[in-house]
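User: I would like to learn how to read the packing of helices in a model. Please take me through one case.

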Amino acid sequence: MASRRQRGAREGQGAPANDSALRLGISGMTGMVAVALMLSGCSSTTVAVRSTTSSTPTSISTTTLPPTTSTSTSTTTTAPTVPPGRPLTGMVVGIDPGHNGRNYTDAGYLNQQVFNGRTMESCDTTGTQTDAGYPEHEFAFNVARHLRAALTKEGAVVVMTRLDNAGLGPCIDQRAKILNDAKSNVAIDIHADGGPAGGRGFAILEPVPDGINDAIVGPSATLGADVQAAFLSGTGMPISTYDGTNGVAPRSDLAGLNLATEPKVLIECGNMRNATDAAMLSSESFQRAAARSLAQAITTYLTRQ
Ligand SMILES: [Zn+2]
């Protein structure tokens, strides 16, 4: 317990609460805009259907065509086949890139209290940074952008909790809601830790049952194993020497995991307070490798079922 609090304090840089890995910003409304933009950005009819589905499933065409004129507009994606090289066709993947870039500008916003699935806590924190001043939010957003590109290329619809790194929020509860409402098949929260200077490596934070998320705890452990294997082989970052057991930490204090209704893990991609990790995390090549590894893990997970 003490260690959890410590981690939170580190990452939150003075903000109350724990790791908070999942605290971003924006309002729910902006989040919806983000979803809509993402969806429109990655084409395909299935996308439009998913995004507009509020309660009534949209029927795309069928209306005017006489039943006999069959062949012409059968572009309807009612029975999607998986094109070669696009194994994630028909899948929705949620990405939460953590703390937003201007969270530091509004303490009042960050300190508003929201429900994290078990208790009330602050909306978000600023995140951590390297000793050289490279911020966690920039790292996480860069990885998220690269990951979104990779997944989209594989045919997935990608939903992000924010589309830039220049705003506030959304709060942790809203970030979970955005990914839940998008009917994500799987989701990942991307962070980097502010751990002890002597500690190295990446950790996978996984949900524990709280009622809301009961159904996704088992699948999330499978996802976590896929993420760990891919990240270890694809990035050169070692498994955490200080967080969790063998780099896996069950967490009951994170809204993004407590409130999730799709399989989800949070990855702390490395320790920004460790000099070796910090040099890696700050580099473009590592950020791209991290994204490739996460895409590979997600593809492995989604195509196994
Ligand atoms: Zn964080």
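Predicted model: local features only at pLDDT ≥ 70, side-chain atom pairs only at ≥ 80, totals over all residues.

User: How is a pair of packed helices described?

Analyst: Two packed helices are described by the angle between their axes and the distance between the axes. Here the axes of α5 (residues 136–153) and α10 (residues 284–304) come within 8 Å and cross at roughly 50°. Axes are lines fitted to C-alpha atoms, for helices over the stretch in contact, with angles from 0 to 180 degrees between N-to-C directions.

User: Which residues of α5 and α10 make the contact?

Analyst: Contact means C-beta atoms, placed from the backbone, within 7 Å. Among them are Phe-139 and His-146 of α5, and Gln-287 and Ile-298 of α10.

User: At what angle do the axes of α7 and α10 cross?

Analyst: The α7 and α10 axes cross at roughly 145° and come within 8 Å. The residues in contact include Leu-223 and Phe-231 of α7 and Ala-290 and Tyr-301 of α10.

User: What covers the buried residues of α10?

Analyst: A residue is buried if 20 or more other C-beta atoms lie within 10 Å of its own. Buried residues of α10 include Phe-286, Leu-294 and Tyr-301. Their cover includes α5, α7 and β5 (186–193).

Technical notes
Residues numbered from 1 in each chain as written. Helix = DSSP H or I, 4+ residues; strand = E, 2+ residues; numbered from the N terminus. Contact = placed C-beta atoms within 7 Å. Buried ≥ 20, exposed ≤ 12 C-beta atoms within 10 Å, placed from the backbone.
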